Amino acid sequence: MMESLIREWDGETVIVHYDRPTGAWIFIAIHSTRLGPAAGGTRMKSYHDVEAALQDALRLSAGMTYKFAVPGIPFGGGKAVIAIPSEFDKQSCPAILRRHGALIQQLGGLFFTGPDFGTTSEDMDIIAETGAPYIFSRTLAAGGSGSPGPFTALGVFTGIQTVCEHLFGDMTLKSRRVLVQGTGSVGGALIDHLGAAGAKVMFSDVDEGAIRHFRDEFELKFVPAEAVYRTECDIFAPCALGAVLNADTIPQLKCRAVAGGANNQLADPENAKHLLDRGILYAPDYVINVGGAMAILGMETQGWARDQAEKEVAENVPRVLRQVFELAATEGITTEAAARRIAEERLSAGM
Ligand code: NAD
């Protein structure tokens, strides 16, 4: 099964490491180095089987290739997955992170990493003890640029403004109804931007603390998880889980556009056609959520200051999104297909 997953994958290299002391598996998938060294987050979670973990690494690394290619960021696509056993002892965490760092160090610059689901900037500090200089997004205290979340949120916010420009003729968000699903690092910061811009924000979350915070302190309208897809709004912004756009949810949607930060929102690329047929504008996830990666790479490899990073994100996400919408309209294709075409052209030109 692992063999067929790798055979059928269109990437370059997979590093497979069995972590004997904990029983965890580490996969580092290098999908493409066509535009530069591979970069992508380190995801740490338990999976129901090893194949599912490998598959996640392979699929996510391909996503990173497209994420960097569309706006022309000179990095290739990669991803690391640390698949921990379900009975993982948290005390073993620093040690496995250090072993992961040593593995990255051995690759000598083929792969760079940062935080992803299940890891934080604090974890990057630990990985960097053995993996420097190939580790991004360490804490500010350790000399890194901290969490990418606020930059991702800024990119999503400017992407939502661009969606409004396309749909309603101007970028203003005043009185637009935006439903944010997931109020964590990205969704929470996105809500701040939306609120400041005068949008009517609704939110959904499954965490009691987050619900209390945004409903009781911010006085935002709370939408229970089971009602999200059928709630009427102008923009639906998924900022929690993947695969939220599928054959079951798309027929329920009562929004004009989907534009949010979550990765892999489409359960299947074919679902983009279903959205188009329903007249719902889709901002491809890897185009609109690139802000964090763009800012962190810019600050840590190009010497950008924080305000320059914000400026680059706020200019580039709308620029690329407009290009995607225009290509989709002129070619009569989905926005997903348009983004894919832009990425593939850059990859084949090597720029
Ligand atoms: P996070 O863990 O900080 O927040 C996720 C939030 O979603 C939490 O508040 C959680 O309670 C909530 N949630 C979980 N299940 C839910 C459900 N069924 N309905 C509603 N809410 C639910 O994660 P994050 O860093 O904000 O990332 C969110 C998404 O954006 C993920 O898909 C991630 O892969 C993607 N993303 C994040 C970044 C980044 O810079 N952090 C960059 C690109 C993409």
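One cavity of 30 Å³ or more turns up in this predicted model. A cavity here is a set of points, on a 1 Å grid over the protein atoms alone, where a 1.4 Å probe fits but cannot get out. Grid points are joined across faces, edges and corners, and a volume is the space filled by probe spheres set on the points. Residues are numbered from 1 along each chain as its sequence is written. The model is predicted, so local features need pLDDT of at least 70 and side-chain atom pairs count only at pLDDT 80 or more, while totals for chains, interfaces and linings use all residues; side-chain values use heavy atoms, with hydrogens and water left out.

**Largest cavity**

- The largest cavity holds about 40 Å³ of space.
- Its lining consists of K67, V70, P71, Y286, V287, V290, N316, V317 and V320; a lining residue has an atom within 4 Å of a point.
- Helices (H or I, at least four residues) and strands (E, at least two) are DSSP runs, numbered from the N terminus.
- α11 has the largest share, three residues.
- By class, the lining has seven nonpolar residues, one polar and one charged. Ala, Val, Leu, Ile, Met, Phe, Trp, Tyr, Cys and Pro count as nonpolar, Asp, Glu, Lys and Arg as charged, and the others, Gly among them, as polar.

**Ligand site**

- The ligand has 21 residues around it, and T152, S185, V186, D205 and A240 come nearest. A residue is near if one of its heavy atoms lies within 4 Å.
- α5 (149-168) and α6 (185-196) each supply at least two residues of this shell.
- The shell has seven nonpolar, eleven polar and three charged residues.
- Which side chains approach ligand oxygen atoms? An N or O atom in the side chain of T152 is 2.7 Å from one, and a polar side-chain atom of D205 is 2.6 Å from one.
- S185 uses its backbone: an N or O atom there lies 2.9 Å from an oxygen atom of the ligand. A polar contact is a pair of N or O atoms within 3.5 Å.
- On its own the ligand has 830 Å² of accessible area, and the protein covers 73% of that. Areas come from the Shrake-Rupley method with a 1.4 Å probe.

- The domain assignment, automatic or from a database, gives domain 1 (2-65 + 75-142) and domain 2 (149-289 + 319-345).
- The C-alpha centres of domain 1 and domain 2 lie 28 Å apart.
- The second largest pocket holds about 590 Å³ of space. A pocket is an open set with protein on both sides within 12 Å along at least five of seven lines.
- Of its 26 lining residues, R59, A62, G63, N264 and R340 are closest to the centre.
- α2 (50-69), α9 and α12 (335-349) each supply at least two residues, and α2 gives the most, eight.
- The lining of the second largest pocket has eleven nonpolar, six polar and nine charged residues.

**Backbone exceptions**

- Most residues other than glycine have a negative phi, and most peptide bonds are trans.
- The A132 to P133 peptide bond is cis, with omega near 10°. P133 sits in the loop between α4 (121-131) and α5.
- S175 is not a glycine, yet has a positive phi of about 70°. S175 lies in the loop between α5 and β6 (177-181).

Terms used
Polar contact = N/O pair within 3.5 Å; in protein donor to acceptor, adjacent residues only side chain to side chain.
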